[in-house]
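Please keep the sequence and the model in view while reading the points below.

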Amino acid sequence: MSESANTLRLQVSTTDAPPPSWAYSQGIVANGFLYTAGQTPHDPITDETVGISIEEQTTRTMQNLAAVLAAHGLDFSHVVKATVHLHHPGRDSAGFNAIYEQFMVKPYPARTTVGSFLGDFLVEIDVVAVVPPVEAGN
């Protein structure tokens, strides 16, 4: 983590998720929430797309999200909102959801799922997570 010039925002960064390829952060903490950038099924080291099925690609995407959350001491139990982009929503919704349910914690976060043109991969997900307040003396 590194503090940005604007002290109202804290940048979250990890080498365990793909690095940003454009002008964005992997995550930003602001006002008690961690907002992640959209994570995709890319390997954090090689930047290659992992897998060809929706299940394989969703698994890698969720692992990348887990890494960004962990970089700020959070996990999927802190997630309150997810936005999911599926390249083929009609075809891939069931396979996506089967993997998504393995990672998310009940009660499941609110979720929006949309069809999107994603190029050469099938899924992209961003989340909003609650950052618990730091107790005095810790």
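The numbered points go from the whole chain to single residues.

1. The model is predicted. Its protein chain contains two helices and seven strands. In sequence order these elements follow the pattern β-β-β-β-α-β-α-β-β.

2. Overall dimensions. The C-alpha trace spans about 50 × 35 × 20 Å along its principal axes. A compact globule of 138 residues would have a radius of gyration near 14 Å, and the protein chain has 15 Å, so the two values agree.

3. Burial and surface. Of the 138 residues, 40% count as buried. The chain exposes about 7600 Å², and carbon and sulfur atoms supply 56% of that area.

4. Contacts across the sequence. Among contacts between residues at least 6 apart in sequence, 68% join residues at least 24 apart.

5. Charge. The protein chain carries 6 positive and 14 negative side chains. The centres of these two sets lie 8 Å apart.

6. Helix H1. This helix covers residues 54–70, and its 17 residues should span 24 Å at 1.5 Å a residue; the end C-alpha atoms are 24 Å apart, so the helix agrees with that expectation. Which residues of H1 are buried? They are Ile54, Gln57, Thr58, Arg60, Thr61, Met62, Asn64, Leu65, Ala67, Val68 and Leu69. An α-helix has 3.6 residues a turn, so residues three or four places apart point the same way. The cover over the buried residues of H1 includes strands E2 (10–12), E3 (27–30), E4 (33–36), E5 (79–86) and E7 (123–130), together with helix H2 (89–103).

7. Thr59. This residue also lies in helix H1. Leaving aside neighbours within four places in sequence, Thr59 is in contact with Ile99 and Phe103.

8. Val29. Strand E3 holds Val29. Its relative accessible area is 12%, and Val29 is therefore buried. Which residues does Val29 contact, leaving aside its neighbours within four places in sequence? They are Leu8, Arg9, Leu10, Val12, Leu34, His72 and Val131. Leu74 is 45 residues apart from Val29 in sequence, and the two C-alpha atoms are 12 Å apart in space.

9. Asn31 and Asp47. These two residues are taken together for their backbone angles. Asn31 has phi near 55°, a positive value in a residue other than glycine. Asp47, also not a glycine, has a positive phi of about 65°. Asn31 is placed in the loop between E3 and E4, and Asp47 in the loop between E4 and H1. With 76% relative accessibility, Asn31 counts as exposed, whereas Asp47 is partly exposed at 46%.

10. Which peptide bond is cis, with omega near -5°? It is the bond from Lys106 to Pro107. Pro107 is located in the loop between H2 and strand E6 (110–115).

11. Ser77. The loop between H1 and E5 contains Ser77. Its relative accessibility is 46%, so Ser77 counts as partly exposed.

12. Trp22. This tryptophan lies in the loop between E2 and E3. Its relative accessible area is 71%, and Trp22 is therefore exposed; the cut-off for exposed is over 50%. Trp22 and Val50 are 28 residues apart in sequence, and C-alpha to C-alpha they are 20 Å apart in space.

Definitions and conventions
Residues numbered from 1 in each chain as written. Predicted model: local features only at pLDDT ≥ 70, side-chain atom pairs only at ≥ 80, totals over all residues. Heavy atoms only, no water. Helix = DSSP H or I, 4+ residues; strand = E, 2+ residues; numbered from the N terminus. Rg over C-alpha atoms; globule rule 2.2 N^0.38 Å. Buried < 20%, exposed > 50% of the residue type's maximum accessible area, 1.4 Å probe, protein only. Contact = heavy atoms within 4.5 Å. Areas by Shrake-Rupley, 256 points an atom, 1.4 Å probe, with all protein chains shown as cover. Lys, Arg positive; Asp, Glu negative; His and termini not counted. Charge placed at Lys NZ, Arg CZ, Asp CG, Glu CD. Expected span 1.5 Å × (residues − 1).
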